[in-house]
Amino acid sequence: MNAADAKLGDGDTGSMLARVIGAMAASEPQAAGSVSDVFGRLARAGMSATGSSLGTLFASSLLGLSKQTREWERVDWEDLSSLLAAARDGMMARGNAKLGDKTVLDALDAVAAAVAGEVDAEGAARAAREAVDRVILEFRGRPCRMGRAKFFAEKSVGLDDPGMLAFVALTKAVAELPQNAT
């Protein structure tokens, strides 16, 4: 990821993501008392581990999900699409990007749409993997219109957006988890 980011940005997307994921794991989200607390722990850990715009967008979307799920006792597979859509909308509001700009938002939107109606881990994982494979190919031939990469719009044609690439990798990693761990 760092190599892909270095073509259009500062080359730290992979390192940042590793730091954020490490901090999130160390926050012991499984020990949280509620759905809202899990999202809150992950958000605080992510914010403390990053200064990057992408990391901040991820963390702030988790904070928004924490607020949204205050009264929730559990998250069912049927909830996944609406939660991803809420994260997308929060990231759009915070980062001022829009769908079609060739950013992480386009990948997030594709997964939110793909998992709508999925009722189990296997179906959601399959739909999410197919969606990210499709969206990364769909946007590869387009110029980046947001973030640092927008300054290299013509150079970005044929390259993957680093934020989108990070979301694709995260999605595939989560989709490969054992079903009882998701």
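Contact here means heavy atoms within 4.5 Å. By that criterion, and not counting residues up to four places away in sequence, phenylalanine 58 touches Leu17, Met91, Val104, Phe167 and Leu170. This is a predicted model, in which local features need pLDDT of at least 70 and side-chain atom pairs count only at pLDDT 80 or more, while totals for chains, interfaces and linings use all residues. Residues are numbered from 1 along each chain as its sequence is written, and side-chain values use heavy atoms, with hydrogens and water left out.

**Nonpolar core**

- A nonpolar core is a set of buried Ala, Val, Leu, Ile, Met, Phe, Trp, Tyr and Cys residues joined through side-chain atoms within 4.5 Å; buried denotes under 20% relative accessible area, with a 1.4 Å probe and protein chains only.
- The largest such core comprises 41 residues, and those with the most contacts inside it are Phe58, Leu62, Met91, Val111, Val115 and Phe167.
- At least two residues of this core come from each of H2, H3, H4 (53-68), H5 (80-95), H6 (104-114), H7 (121-140) and H9 (162-175).
- H7 gives the most to this core, with eight residues.
- Helices are DSSP runs (H or I, at least four residues), numbered from the N terminus.

**Serine 27**

- Serine 27 lies in the loop between helix H2 (13-26) and helix H3 (35-49).
- Its relative accessible area of 17% makes serine 27 buried.
- Leaving aside neighbours within four places in sequence, serine 27 is in contact with Arg41, Leu42 and Ala45.

**Alanine 121**

- Alanine 121 is located in helix H7 and counts as buried, at 12% relative accessibility.
- Between alanine 121 and leucine 17 there are 104 residues of sequence separation and a C-alpha to C-alpha distance of 24 Å.

How values were computed: Buried < 20%, exposed > 50% of the residue type's maximum accessible area, 1.4 Å probe, protein only.
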